[in-house]
Amino acid sequence: MFPKRYASSRRYLPHSHEQAVLLAKGRPPLPRLSGSDVCPWAYTGNRRHPTEKAVTLLAAQIETFCPAGGLVLDPFCGSGSTLRAAQSVGRSYLGIELDARHYETAIRRILM
Ligand SMILES: C[S@@+](CC[C@H](N)C(=O)[O-])C[C@H]1O[C@@H](n2cnc3c(N)ncnc32)[C@H](O)[C@@H]1O
């Protein structure tokens, strides 16, 4: 869970956090290092995407949970933050994005 300093929308309650789902296939060994399930993060400013995640935060999660030589799949990759994070820690990556504008942003970011 990633708490936000702001509410991205509001219904019965303000929406003040983002969630990530960690899935593991089988029973892989526990990671050597892992932090809390509540991760502080720096707000990106959402300049590239309305729900843009912080690359540094994602990179730390990828390093912890994806072995060297592993593949990171983000089937809803938006502006490509996860792909950029995977790239920064030397993992292979595969992204899927529906929106052509976000797809272009992601491509630009990983080619930078
Ligand atoms: C929460 S955003 C991801 C933001 C991303 N983590 C970032 O930092 O930019 C989810 C993305 O999933 C895309 N999306 C929604 N449905 C999809 C689908 N069926 N296939 C691929 N992408 C989809 C949306 O266009 C949106 O950009």
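**Figure 1. Ser79 and the ligand in the predicted model.** The side chain of Ser79 places an N or O atom 2.6 Å from an oxygen atom of the ligand. The model shown here and in the other views is predicted. Protein covers 69% of the 610 Å² of accessible area that the ligand has on its own.

Figure 2. For Ser81, the distance between a side-chain N or O atom and an oxygen atom of the ligand is 2.6 Å. For His49, a side-chain N or O atom is 2.8 Å from a ligand oxygen atom.

**Figure 3. The shell of residues around the ligand.** There are 14 residues around the ligand, and those that come nearest are His49, Lys53, Ser79, Ser81 and Glu97. Sorted by class, the shell consists of six polar, four nonpolar and four charged residues. The ligand takes up the space of the largest pocket.

**Figure 4. Thr44 and its side-chain contacts.** Thr44 belongs to the loop that runs between strand 2 and helix 1, the helix of residues 55-65. A polar atom of the Thr44 side chain lies 3.0 Å from the backbone nitrogen of Asn46. The backbone oxygen of Glu52 is 3.1 Å from a polar atom of the Thr44 side chain. With a relative accessible area of 17%, Thr44 is buried; it is classed this way because the value is under 20%.

**Figure 5. The backbone at Asn46.** Asn46 is placed in the loop between strand 2 and helix 1. Its phi is positive, about 50°, although Asn46 is not a glycine. Most residues other than glycine have a negative phi. The backbone nitrogen of Asn46 is the atom that lies 3.0 Å from a polar atom of the Thr44 side chain.

**Figure 6. Trp41 in the loop between strand 2 and helix 1.** Trp41 has its place in this loop. The relative accessible area of Trp41 is 16%, so the residue counts as buried, the limit being under 20%. Trp41 and Val55 are 14 residues apart along the chain, and their C-alpha atoms are separated by 9.7 Å.

**Figure 7. Ser92 in strand 4.** Ser92 is part of strand 4, which spans residues 92-95. Its relative accessible area of 41% makes Ser92 partly exposed. Between Ser92 and Ala68 the C-alpha to C-alpha distance is 9.1 Å, with 24 residues separating them in sequence.

**Figure 8. Ser9 in the loop between strands 1 and 2.** Ser9 lies in the loop that joins strand 1 (2-3) and strand 2 (17-18). Ser9 is partly exposed, and its relative accessible area is 36%. The C-alpha atom of Ser9 is 38 Å from that of Pro29, a residue 20 positions away along the chain.

Definitions and conventions. Residues numbered from 1 in each chain as written. Predicted model: local features only at pLDDT ≥ 70, side-chain atom pairs only at ≥ 80, totals over all residues. Heavy atoms only, no water. Near = heavy atom within 4 Å. Polar contact = N/O pair within 3.5 Å; in protein donor to acceptor, adjacent residues only side chain to side chain. Areas by Shrake-Rupley, 256 points an atom, 1.4 Å probe, with all protein chains shown as cover. 1 Å grid on protein atoms, 1.4 Å probe; cavity = no way out; pocket = protein on both sides within 12 Å on 5 of 7 lines; lining within 4 Å. Sits in = over half its atoms within 2 Å of the grid points. Nonpolar A, V, L, I, M, F, W, Y, C, P; charged D, E, K, R; others polar. Helix = DSSP H or I, 4+ residues; strand = E, 2+ residues; numbered from the N terminus. Buried < 20%, exposed > 50% of the residue type's maximum accessible area, 1.4 Å probe, protein only.
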